[in-house]
Amino acid sequence: MTVEAGARAAAGLRLGAGIGWRPEIADAVERMDVDWVEAVAENVCPGHVPESLLRLRARGVTVVPHGVGLGLGGGERPDPGRLAALAERAEVLGAPLVTEHIAFVRAGALEAGHLLPVPRTREGLAVLCENVRIAQDSLPVPLAVENIAALFTWPDEELTEGQFLYELVERTGVRLLIDVANLYTNQVNSGEDAIRALDELPLEALAYVHVAGGVLREGVWHDTHAHPVPPQVLALLGELSARAEPPGVLLERDDDFPPPGELEGELRAIRETVRGSAAGPRRNAPVPRTGGGTVPESAVPEAGRTRLAGEQHALLSALVAGGPVPGGFDAERLAVQAGALAGKRGQVVGKVAPELPHLLGARYRAAFRAYATTRPLTGGYRRDALDFAAHVLAHADPPLPARTRRALTRWHADRSGPVPPRRGPWGLWGRRAA
């Protein structure tokens, strides 16, 4: 499908201004003047849709499921079960489209728990295109895919971000969800020109736009979704709006939620930016051709998938399992990414099992990072919480106070059965950390 065909398919979609729906701000969102909301697909159970989302739908507010777990940029083909689950959520929510990310999230048995960048090479693009086509064939509504923020880049990349996304749309007809905060992140972290990326994008295929906040730490911009939207990101939204009218714009906030008035203020700023930068007669600059020819829509050679899967596994091993840094990567940037992954994983475990940070207090963050460095996420976050508690009971240095140890032991026993013996099958009790 061509860019023009994809544009015609997207032409009727008009969403307006919206906000990411999260349980923590559900009541506030229902009181806001929003045209639509986006919900994390994996957090919506089709048989138990949150009452807040049902009330929003009843008053005519569009709900779009936003997936985070497909891993469309991975070397492996999309999992049929995950695709079926995303399709079911689209149907239950009456969504006009579903969205996902241009990212990989797992490799073999390793899970990142986060969105990681794909290599912008022709081979990586070919795999991504085939995965997107598989997803499109499995979904009952159109698919839009989002550019992600990255703390590092792959070596020997062959395409700019704009060229990569243009080729993806041209070969698959997929719609684009452009996150201007992610464009800004990549400009700060990798020196990529966000304005050039906008000029190279096929904005005719634009489904909607994400806007979010972040923070600069030691020269690295972290796309936190937990800080106010900075002026630089609003400026990029204005630049995009001057090139094409966005069918929808959405404010994302995932943590450290401010009072409702501050969220409403950010929504007003977003609306004003779009209105004040309304697209005129100027069109995008011509997109430079990549010179690589067009990848046919036949199956990608298995050798290419196998090679990509192996490279992603080696990278993920370095990030979450203490493996060596693969050749060509910036070791310092990978260390920053590894720390960010461990920190995010610790936050999720702290929400799944809030007793753990309460019991460990100021020790929780450092203890979790020490645990996560060489123990990858493989069994979900509830299993992770249990394994972390067992690790702390066996390896805490300095030793836990007796009262804390008793409380943590009781917590573990309540959730997993009797505490394993010190020389039992778990293999970690009775040993000290080296």
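Mentor: Helices (H or I, at least four residues) and strands (E, at least two) are DSSP runs, numbered from the N terminus. This is a predicted model, where local features need pLDDT of at least 70 and side-chain atom pairs count only at pLDDT 80 or more, while totals for chains, interfaces and linings use all residues. Residues are numbered from 1 along each chain as its sequence is written, and side-chain values use heavy atoms, with hydrogens and water left out.

Trainee: How many aromatic pairs does a search of the whole structure find?

Mentor: A ring pair is described by the distance of the centres and the angle of the planes. Rings of Phe, Tyr and Trp (its six-membered ring) pair if their centres lie within 6.5 Å; planes under 30 degrees apart are stacked, over 60 edge-to-face, the rest tilted. The search of the whole structure gives nine pairs. One of them, tyrosine 364 with phenylalanine 368, is tilted, with 6.0 Å centre to centre and 35 degrees between the planes.

Trainee: Where do tyrosine 364 and phenylalanine 368 lie?

Mentor: Both are in helix H14 (residues 364-372), four residues apart, about one turn of the helix. Tyrosine 364 and phenylalanine 368 are both buried (under 20% relative accessible area; exposed is over 50%, partly exposed in between; 1.4 Å probe, protein chains only). Ring pairs join Tyr364, Phe368, Tyr371 and Phe388 in a cluster.

Trainee: Which residues of helix H7 are buried?

Mentor: Val180, Ala181, Asn182, Leu183, Tyr184, Thr185, Asn186 and Asn189 are buried. That is eight of the 11 residues of H7 (residues 180-190), so H7 is largely enclosed by the rest of the structure. Just after H7, glycine 191 has a positive phi of about 75 degrees.

Trainee: Where does a positive phi occur in a residue other than glycine?

Mentor: Most residues other than glycine have a negative phi, and most peptide bonds are trans. Glutamate 218 has a positive phi, near 50 degrees. Glutamate 218 sits in the loop between strand S10 (215-217) and strand S11 (220-222), and its relative accessibility of 86% counts as exposed. Aspartate 156, also not a glycine, has a positive phi of about 60 degrees. Aspartate 156 belongs to the loop between strand S7 (143-146) and helix H6 (161-172), and at 70% relative accessibility aspartate 156 is exposed.

Trainee: Which peptide bond is cis?

Mentor: The bond from aspartate 397 to proline 398 is cis, with omega near 5 degrees. Proline 398 is in the loop between helix H15 (381-395) and helix H16 (402-416).
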